[in-house]
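User: I am new to this structure and would like to go through some of its local features with you, one question at a time.

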Amino acid sequence: MQARKWKKDNIQLEKEFLIEWPLERIKIMELAEYVIGKGPENKSLCYEFEFGKYCGLYLSIKDGFSAKFGVYCSKKHHAHCDKINQPIPELKLRSKFEKLKIDLIVIS
C-alpha cells in the first residue's frame, strides 16, 4: 500500500517537474537558475533537487556534497566551484556551465 502511494506521489511530482523545468527552459537556463549555494530564495534547479520541492523525487540525490552538481556556489571560496571543489576561473565558468547544460540536455 505504501509503495503504491509513493509511486503515485512521484508520478505527480515528476509531472510538476516537467511543467516547471521543461527541456526548453533548461536549454536557456542561466547559471544562477542552476547552482546551489545561494540560499532557499534562489529556487535554483539544484536547490530544488537537494532541499526543495523535488528533493524526494524517486530515489533522490539529496545529501552529500554540492560538488555532485558539477558547478556550485561556494561560500568558503567566495566563487563558483567544480566537481572537485576547486574554484572555477571566471574566464572558464561560462564554457564549463554551457558544457554541463549540454550534458543535461543529452540525458533528458
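Analyst: Before we start, this is a predicted model, in which local features need pLDDT of at least 70 and side-chain atom pairs count only at pLDDT 80 or more, while totals for chains, interfaces and linings use all residues. Residues are numbered from 1 along each chain as its sequence is written, and side-chain values use heavy atoms, with hydrogens and water left out.

User: Is K43 buried, partly exposed or exposed?

Analyst: Buried means under 20% relative accessible area, exposed means over 50%, and partly exposed lies in between, with a 1.4 Å probe and protein chains only. Because K43 has 49% relative accessibility, K43 counts as partly exposed.

User: Where is K43 found?

Analyst: Helices here are DSSP runs of H or I with at least four residues, strands are runs of E with at least two, and they are numbered from the N terminus. K43 has a positive phi of about 55° although it is not a glycine, whereas most residues other than glycine have a negative phi. K43 is found in the loop between helix 3 (31-34) and helix 4.

User: H78 also has a positive phi; is H78 buried or exposed?

Analyst: H78, a residue other than glycine with phi near 50°, is found in the loop between strand 1 and strand 2 (79-82). Because its relative accessible area is 72%, H78 is exposed.

User: Which element gives the most to the lining of the largest pocket?

Analyst: A pocket, on a 1 Å grid over the protein atoms alone, is an open set of points where a 1.4 Å probe fits, with protein on both sides within 12 Å along at least five of seven lines, and lining residues have an atom within 4 Å of a point. The lining of the largest pocket is made of G70, V71, D82, K83, K96, K99, L100 and D103. With four residues, the element that gives the most to this lining is helix 5 (residues 90-107).

User: How many residues of that lining are charged?

Analyst: Asp, Glu, Lys and Arg count as charged, Ala, Val, Leu, Ile, Met, Phe, Trp, Tyr, Cys and Pro as nonpolar, and the others, Gly among them, as polar. The lining of the largest pocket has two nonpolar residues and one polar residue, and its charged residues number five.

User: How far apart in space are P22 and S108, C-alpha to C-alpha?

Analyst: P22 lies in the loop between helix 1 (2-20) and helix 2 (23-28). P22 and S108 are 86 residues apart in sequence, and their C-alpha to C-alpha distance in space is 9.7 Å.
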